[in-house]
Amino acid sequence: MTSVKEQEAIRKLMVFLQEWDSAHKVARSRILDNFIKSNDGKTQPELELEFSQGASLFLARLTTWLRMTYIYSTCLNKLLRSIGIFLSATRGRRYLTEFLDIGGVLILLEILGLNHLKEEDKRESVKLLQLVADAGRKYKELICESYGVQSLAEFLATSNSAQAQEDAQVLLASLGRSNPKYQNQVYNGLIAVLPCTSPRAQQLALQALRVMQDTVGEAPSVIVEPVLGVLCSVDLDVQYEAVQLLKALMAHKVRPALLKGLVALLTPPRKKALPFHDRTTEDPTSLCPKQPVLVYIEQAAAAKAIGILAKDSAEVAEDLLQLKVVHGLMVALENLDHPDSQSHASTSLEAPPAEQDELSSSFCTEIISLKHPPLQINKCGNWHWGGEEQEPVKAALGDTLFQHFTDSPETWYTKMDPVQAEELASNIVDIPRDMARLQSTKEDPGFQQLCNASSTRGSYMYTRKLVLETIVTSKGPDARHI
């Protein structure tokens with residue numbers, strides 16, 4: 001037999017439910033406002049006490065109204081927030097089960113695909129899906145089985161709200177964590193976001209892919225083209241995240257394809273490399289500056305990435321040498337129409353690799369095979385100009401360009417004229433031949449003696465010997481007096 005107090009509580013509950021049932025849109029909106037204000041953050045026992053052990057009755061009415069009206073956006077934001085109070089309640093697993101039984105996950109995912117709904121409504125939908133995913137693996141699997149990854153990836157790529165995009169990325173990352181059955185599906189879904197036109201979505205997808213890389217294991221080959229494609233983005237944050245992901249992918253089987261693609265970006269097709277898009281020709285009154293074409297942005301980003309990757313790993317640098325990366329960097333260096341390409345290419349040529357024991361000699365051998373001695377010497381980092389040695393170099397470069405190099409080795413490329421730049425781009429390097437030459441020099445007793453001595457002076461002298469041999473080879477017998 002119930003007490004008088006309990007009977008009064010039940011009576012109040014029935015009155016409240018009857019008021020909801022008979023209310024129209026405006027009245028229900030007011031009821032939802034009061035419910036959110038007074039019950040946000042409550043636990044399951046507290047909600048049951050508030051509703052006299054009948055909280056599920058009110059939740060059932062909320063979910064029923066959601067199913068009937070979500071397409072029309074009737075109080076949708078308030079309705080989702082009210083349901084969220086139940087789903088987020090501590091010890092409220094029963095509420096979650098009741099919500100899922102009426103097809104709650106499918107409704108939330110469908111909301112994300114309705115273009116006429118507001119971004120804040122879709123964000124609330126993502127928050128509820130996050131509450132479902134946080135409940136455990138089987139709930140993550142339920143979302144994935146309901147085509148949730150595809151819906152979330154599309155929403156991430158197309159949303160106009162930065163906050164909603166961040167929420168979608170967090171949810172996707174959550175679905176890919178501790179969910180081995182569907183983690184590859186999540187990974188591929190994030191890859192599908194990369195070709196979109198939203199820089200923020202690209203940045204978030206790249207971040208999530210990098211975090212997931214360790215758990216996914218071997219990266220699929222389909223990642224190569226999308227990752228290289230985002231290098232054309234003018235957003236520096238996107239380029240940064242792309243480089244960080246490239247660094248993570250260097251330990252996987254896709255490394256050769258990625259490096260080959262990076263080197264290819266250094267030499268864009270001439271027919272596509274139109275100097276600039278001049279907006280002033282479309283609108284003479286426009287004050288907008290000329291904009292570089294995407295292939296030049298890709299070229300600069302590739303040059304920058306190559307320098308970072310080569311400096312980070314000697315093994316990667318060796319692979320780049322085999323792909324004739326120096327010739328590509330020289331092509332970027334002569335791009336007078338895009339200073340960023342020149343700057344990053346110059347930095348990449350000058351940056352020493354992480355492990356220099358063998359690779360320093362490799363780089364030296366490669367660079368001295370060019371017809372441009374200043375870069376050869378600058379790369380080795382231990383050559384000093386002076387005396388008769390500089391005369392053949394001056395003859396090869398010309399007095400003006402040689403003087404620019406000696407005066408400012410870090411910015412000398414900005415002083416090149418088109419003729420000098422074209423000649424610089426025509427320098428071709430045969431890396432396998434030069435590497436074979438390096439191997440033969442390693443067998444030279446003099447080289448072995450110098451290596452064993454670990455002498456900086458000895459390394460300097462042997463490098464000098466290699467450079468002079470190259471000059472003699474290129475200049476002929478007349479240069480042998482050097």
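Which residues in α11 meet R200, A201, L204, Q207 and A208 in α13? The views below of this predicted model start there.

**View 1. Here α11 packs against α13.** Q165, E166 and Q169 of α11 are the ones in contact with that α13 set (contact: heavy atoms within 4.5 Å). The two axes, lines fitted to C-alpha atoms over the stretch in contact, come within 10 Å and cross at roughly 20°. That angle makes α11 roughly parallel to α13, since angles under 35 degrees count as such. Helices here are DSSP runs (H or I, at least four residues), numbered from the N terminus.

**View 2. Here's what sits around α10.** Along α10 (residues 148-158), the buried residues are G148, V149, L152, A153, F155, L156 and A157 (buried: under 20% relative accessible area, with a 1.4 Å probe and protein chains only; exposed: over 50%; partly exposed: in between). Their cover includes α7, α8, α9, α11, α12 and α13.

**View 3. L66 belongs to the largest nonpolar core.** This core has 114 residues, meaning buried Ala, Val, Leu, Ile, Met, Phe, Trp, Tyr and Cys joined through side-chain atoms within 4.5 Å. Helix α13 (residues 199-216) gives it the largest share, eight residues. Beyond neighbours within four places in sequence, L66 contacts L76, L79, L80, I83, F99 and I107.

**View 4. Two cysteines, C75 and C232, get a look.** C75 is buried at 13% relative accessible area, while C232 is partly exposed at 21%.

Residues are numbered from 1 along each chain as its sequence is written. Local features need pLDDT of at least 70, side-chain atom pairs count only at pLDDT 80 or more, totals for chains, interfaces and linings use all residues, and side-chain values use heavy atoms, leaving out hydrogens and water.

Technical notes. Helix = DSSP H or I, 4+ residues; strand = E, 2+ residues; numbered from the N terminus. Axes fitted to C-alpha atoms, helices over the stretch in contact; angles between N-to-C directions. Parallel < 35°, antiparallel > 145°, perpendicular 65-115°, else oblique.
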